[in-house]
Amino acid sequence: MSVDVVTQSTPELVEAMERLIPQLSRSAPALTTEQCEALVDQPGVYLFVFRPDAPLADGSTPILGMLTLATFTIPTGLRAWVEDVVVDGDARGHGAGQALVETAVEYARSLGARTVDLTSRPSREAANRLYQRAGFALRETNVYRFSGE
């Protein structure tokens with residue numbers, strides 16, 4: 001399994017976004033070429049992608065999963081959040097999610113983050129099990145959202 005930080009947008013990344021984002025969210029549109037470039041160029045935001053070690057039947061090693069790590073500094077230190085974790089449906093259950101999460105946590109620590117946070121809906125049972133296996137602990141907190149509508 002291979003997990004890498006994307007440093008430059010490519011047509012392959014745009015294609016992966018078109019395939020993976022609908023599996024992550026029914027309401028979010030896939031990113032355009034320009035949006036992929038802006039995401040990758042954004043300071044403090046790191047996009048991790050997962051590829052299989054062994055080529056598929058067609059000889060390719062496509063992006064089969066992704067995770068975004070957002071970091072920012074506040075008065076109490078560097079904070080890190082994991083967002084938008086998605087693994088292609090055909091690749092789930094083979095360790096891609098775990099590899100993405102563990103690599104992102106390690107990277108956040110290398111940047112100086114003491115903790116890494118994420119949220120996950122309770123209905124996403126497999127994802128919640130993954131995060132617990134990766135060492136995340138459920139916190140007693142309230143999450144609020146202002147929608148501005």
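## Contacts along the chain

Take the contacts in this protein (heavy atoms within 4.5 Å) between residues at least 6 apart in sequence: 57% of them join residues at least 24 apart. This is a predicted model, where local features need pLDDT of at least 70 and side-chain atom pairs count only at pLDDT 80 or more, while totals for chains, interfaces and linings use all residues. Residues are numbered from 1 along each chain as its sequence is written, and side-chain values use heavy atoms, with hydrogens and water left out.

## Fold and overall shape

The protein has four helices and five strands, taken as DSSP runs numbered from the N terminus (H or I and at least four residues for helices, E and at least two for strands). Going along the sequence, you get β-α-α-β-β-β-α-β-α. With a radius of gyration of 16 Å, close to the 15 Å from the globule rule for 149 residues, the protein is as compact as a globular protein of that length. That radius is taken over C-alpha atoms, and the rule is 2.2 Å times the number of residues to the power 0.38. Along the principal axes, the C-alpha atoms fill a box of roughly 50 × 35 × 35 Å.

## The cores

A nonpolar core here is a set of buried Ala, Val, Leu, Ile, Met, Phe, Trp, Tyr and Cys residues joined through side-chain atoms within 4.5 Å. The largest one has 27 residues, and Phe48, Leu67, Leu69, Val116 and Tyr131 touch the most other members. Strands E2 (45-51), E3 (65-74) and E4 (77-87) each give two or more residues to this core, as do helices H3 (96-111) and H4 (125-133). H3 gives the most, with seven residues.

Leucine 69 is worth a click: leaving out residues up to four places away in sequence, its contacts include Phe48, Trp81, Tyr107 and Val116. There's also a second, separate core of 16 residues, with Val14, Ala16, Met17 and Ile21 among them.

## Surface and charges

Of the 149 residues, 40% count as buried, meaning under 20% relative accessible area, against over 50% for exposed and in between for partly exposed (1.4 Å probe, protein chains only). The accessible surface is about 9600 Å², and 50% of it belongs to carbon and sulfur atoms; the areas come from the Shrake-Rupley method with a 1.4 Å probe, and for residues only the protein chains shown count as cover.

As for charges, the mean positions of the 13 positive and 19 negative ones are 10 Å apart. Lys and Arg count as positive, Asp and Glu as negative, with His and the chain ends not counted; each charge is placed at NZ of Lys, CZ of Arg, CG of Asp or CD of Glu.

## Glutamate 18

Glutamate 18 sits in helix H1 (residues 11-24), and its 48% relative accessibility makes it partly exposed. Its C-alpha atom is 19 Å from that of proline 52, which lies 34 residues away along the chain.
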